[in-house]
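Here are a few notes to go with the model, written for a colleague who likes to check things on screen. Please have a look at it first.

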Amino acid sequence: MKYNIFTVLNEGYASFGKLLISSIFDKIDMDKLGEIIICDTGISEETRKYLSLFPKTKIVPAGFRTEHSRIHDDDWKKTVYSKAKLLLRTIENYDEFVPTVMIDCDCIVVEDFSDILDGDFDVAPCLRNQAGRKVGHQATSTHIGSFFFAATDKSVPFIRAWISEIPKITATGGDGKRIPQESPALSNICERMKNEISIFNICEREIANIEHYPPEIAKVYHLKSDFLYLTVEKRLSQPRANYYTGRYLR
């Protein structure tokens, strides 16, 4: 089975994008990969030229521009809450359905994950795991939107339902703190549609690992912001990322 990889990128996260694309070409079996679609929400011409050097890479305009590099600012929210819409548009642009992985741009592929995608299911969302999160972390949804695999055309109504659910999620808690909407919406749709389509849950520890000291099962590291690594620079220089930033970016 051939599949595409889809991500969303702007200039604030350009280093993450370069790291992700380089790791894909280093670790993924290219015979199984169709295209890498980068949805451009504001990359520079220099970054565009760099990414265009990689075969199979297709850069498409998102239709809007953002400049964020700070989590939970307005541009961050605009990008995150548009991901599912942009994924759906990308899938529907093909004459025939192409299985497609959506992966956050701040990820590194450390081992080929193609074998996980070979199964009899329609969608494969990322099942949240508490490893790497402190006790009492506000994110409690069952799933997280950092990795999502649309395996069959039955994923299309699922993604549409996900898109419709996002604005229904309350954006702030009783203490006034920001509550993410993308992952709770995904969790709701997984629960709602579990008897309508086949859903295969991939453990976050394996496919979007956030732990500072990842286990051997981890195939993708998610360089997610946390209290120790709040800036792009710190997220890229954390110990588990150093080998890869040295290999791909320096």
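**Notes on cores, a helix pair and one backbone angle**

1. This is a predicted model. Its largest nonpolar core has 46 residues, and the ones with the most contacts inside it are Tyr-3, Ile-24, Val-101, Phe-113 and Ile-207. Helix α1 (residues 14-27) gives the most to this core, contributing 5 residues. Apart from this core lies another, of 29 residues, which includes Ala-185, Leu-186, Cys-190 and Ile-197.

2. Leaving aside residues up to four places away in sequence, Tyr-3 touches, among others, Ile-28, Leu-33, Pro-99, Val-101, Phe-113, Leu-117 and Phe-149. Its contacts also include Lys-32, Glu-35 and Asp-112.

3. Next, a helix pair. The axes of α6 (residues 155-165) and α7 (residues 182-192) come within 9 Å and cross at roughly 130 degrees, so the two helices are oblique to each other. The crossing of α6 past α7 is right-handed.

4. Which residues of α6 meet α7? They are Phe-158, Ala-161, Trp-162 and Glu-165, and their partners in α7 include Ala-185, Leu-186, Ile-189, Cys-190 and Arg-192.

5. One backbone angle deserves a glance. Lys-56 has a positive phi of about 70 degrees although it is not a glycine. Most residues other than glycine have a negative phi. Lys-56 is found in the loop between α2 (45-52) and β3 (57-61), and it is partly exposed, with a relative accessible area of 31%.

Technical notes. Residues numbered from 1 in each chain as written. Predicted model: local features only at pLDDT ≥ 70, side-chain atom pairs only at ≥ 80, totals over all residues. Heavy atoms only, no water. Axes fitted to C-alpha atoms, helices over the stretch in contact; angles between N-to-C directions. Helix = DSSP H or I, 4+ residues; strand = E, 2+ residues; numbered from the N terminus. Parallel < 35°, antiparallel > 145°, perpendicular 65-115°, else oblique. Left-handed = near helix turned anticlockwise from the far one by under 90°. Contact = heavy atoms within 4.5 Å. Core = buried A, V, L, I, M, F, W, Y, C linked by side-chain atoms within 4.5 Å. Buried < 20%, exposed > 50% of the residue type's maximum accessible area, 1.4 Å probe, protein only.
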